Amino acid sequence: MLHVGHLTVISFTALPERNETPMSNPAIDSHRIETEQQLRQMNDEWVKALVRGDGQTLDRIMADDFYFAYPMEGDDKTQFIDDVTSGVIRVEYINRENATVRIWGNTAILSAHDAAKWFYQGRDFSGHYKAIHVYAQRDNKWQLVSVQACPIV
């Protein structure tokens, strides 16, 4: 703020646009790209494990305090994996499109549009969903901490 006689002049510094950085840092940009690729790969592995009913892979990717929120109820890690491996939850396919990753320090979100054919306790819940996967980096390791699947109507 600058006072000139009876006038007050306020100056503002323009902030960079959302996708711009004031000064690009190749090391940081490279690390961000590498992290995004790692999270996309984890996401692909999780989807494939879900379709195969592969509890070991799900267990490796998901944090111990994992929580899944979906249309009927919510499950913690143990309940979700038990439901998948026992067939209570059966997924025939998930076609994931428009996946985007946003990273904020040790937290990241992958959001996508899913077309899925899946069943819960024999009941068909196939359709289109907006899926949000939340990842946290703990002890230098990324883990899936939560998933929310919202039906698109």
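Which residues does F80 touch, not counting residues up to four places away in sequence? Select F80: the residues it touches are W46, L50, M62, F66, F68, D75 and I89, where contact means heavy atoms within 4.5 Å.

Before going further, note how the model is treated. This is a predicted model, in which local features need pLDDT of at least 70 and side-chain atom pairs count only at pLDDT 80 or more, while totals for chains, interfaces and linings use all residues. Residues are numbered from 1 along each chain as its sequence is written, and side-chain values use heavy atoms, with hydrogens and water left out.

**Whole chain.** Switch to cartoon view. The protein chain has 3 helices and 9 strands, in the order β-β-α-α-β-β-α-β-β-β-β-β along the sequence. Helices (H or I, at least four residues) and strands (E, at least two) are DSSP runs numbered from the N terminus. Of the 153 residues, 33% are buried, meaning under 20% relative accessible area with a 1.4 Å probe, protein chains only.

**Core.** Select W46, F80 and W118. These residues have the most contacts inside the largest nonpolar core, which has 33 residues. Such a core is a set of buried Ala, Val, Leu, Ile, Met, Phe, Trp, Tyr and Cys residues joined through side-chain atoms within 4.5 Å. Colour the elements that give two or more residues to this core: α1, α2 (55–61), β3 (62–69), α3 (77–86), β5, β6, β8 and β9.

**Cavity.** The structure holds 1 cavity of 30 Å³ or more, and about 210 Å³ of space lies in the largest cavity. Select L50, F68, I94, W118 and A149, which are the closest to its centre of the 17 lining residues. A cavity is a set of points on a 1 Å grid over the protein atoms alone where a 1.4 Å probe fits but cannot get out, and lining residues have an atom within 4 Å of a point. Grid points are joined across faces, edges and corners, and the volume is the space filled by probe spheres set on the points.

Next, show α1 (26–52), β5 (89–104), β6 (107–120), β8 (127–138) and β9 (141–151), each of which supplies at least two residues of the lining. β5 gives the largest share, 4 residues.

**Helix α1.** Select T35, which lies in helix α1. T35 is buried, with a relative accessible area of 5%. Leaving aside neighbours within four places in sequence, T35 is in contact with I103 and W142.

Notes:
Buried < 20%, exposed > 50% of the residue type's maximum accessible area, 1.4 Å probe, protein only. 1 Å grid on protein atoms, 1.4 Å probe; cavity = no way out; pocket = protein on both sides within 12 Å on 5 of 7 lines; lining within 4 Å.
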